[in-house]
Amino acid sequence: MPSRQITFVPPIKIDPYNMKKIILSITVAATLFSCNSVKDVNTSTLTQAATLLSSLSSNSTVQQISSLFSLLDTNNDEAISTTEAIGSVAENFNILDTDSNSSLNLTELTGLLSLLK
């Protein structure tokens, strides 16, 4: 009878901070998928936006905000409406909408960086 060797596999360590970001991204995406107003949105784009949004910090660049803007502006009208906003953009929409026109332009979305400090 051949001898068996038992190999110990150490447990995988999961960074709680990154796990929270992943869970938040999945939650935002799942919530949006359940809304009728976003049924026609490209799910890949929405997932990319949620992932990018969850990775933003006070050290993020204007280029990252610009990428987020492009991903959220699903109808390509150069503005983010309340139905296009997700996560912290949706939560802070009225604060970011400095001209109170019910949509965010790129300059207004860049204000998100100051909220992340």
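**Pocket lining.** I sorted the lining of the largest pocket by residue class and got seven nonpolar, four polar and one charged. The model is predicted. I then listed the lining: Leu24, Ser25, Val28, Ala50, Leu53, Ser54, Leu56, Gly87, Ser88, Glu91, Leu112 and Leu116. For the volume of this largest pocket I noted about 180 Å³. I checked which helices contribute, and α1 (16–33), α2 and α4 each supply at least two residues of the lining.

**Core.** Next I looked up the largest nonpolar core, which has 22 residues. Leu68, Ile86, Val89, Leu109 and Leu112 have the most contacts inside it. I found at least two core residues from each of α2 (43–55), α3 (62–72), α5 (93–96) and α7 (112–115).

**Helix α3.** I went through α3 for burial and recorded Ile65, Leu68, Phe69, Leu71 and Leu72 as buried. They lie on the same side of α3, because they cover an arc of only 165° around the axis. On the face turned away from that buried side I found the exposed residues Gln63 and Ser70. I traced what the buried residues of α3 pack against: α2, β1 (80–81), α4 (87–91), β2, α6 (106–110) and α7.

**Ser103.** I located Ser103 in strand β2 (residues 103–104). Is Ser103 buried or exposed? I count Ser103 as buried because its relative accessibility is 16%, and the cut-off is under 20%. Leaving aside neighbours within four places in sequence, I list Ala79, Ile80, Phe93, Asp97 and Glu108 as contacts of Ser103.

Conventions. Residues are numbered from 1 along each chain as its sequence is written. This is a predicted model: local features need pLDDT of at least 70, side-chain atom pairs count only at pLDDT 80 or more; totals for chains, interfaces and linings use all residues. Side-chain values use heavy atoms; hydrogens and water are left out. A nonpolar core is a set of buried Ala, Val, Leu, Ile, Met, Phe, Trp, Tyr and Cys residues joined through side-chain atoms within 4.5 Å. Buried means under 20% relative accessible area, exposed over 50%, partly exposed in between (1.4 Å probe, protein chains only). Helices (H or I, at least four residues) and strands (E, at least two) are DSSP runs, numbered from the N terminus. Contact means heavy atoms within 4.5 Å. The arc is that of the directions from the helix axis to the C-beta atoms. On a 1 Å grid over the protein atoms alone, a cavity is a set of points where a 1.4 Å probe fits but cannot get out, and a pocket is an open set with protein on both sides within 12 Å along at least five of seven lines; lining residues have an atom within 4 Å of a point. Grid points are joined across faces, edges and corners, and a volume is the space filled by probe spheres set on the points. Ala, Val, Leu, Ile, Met, Phe, Trp, Tyr, Cys and Pro count as nonpolar, Asp, Glu, Lys and Arg as charged, and the others, Gly among them, as polar.
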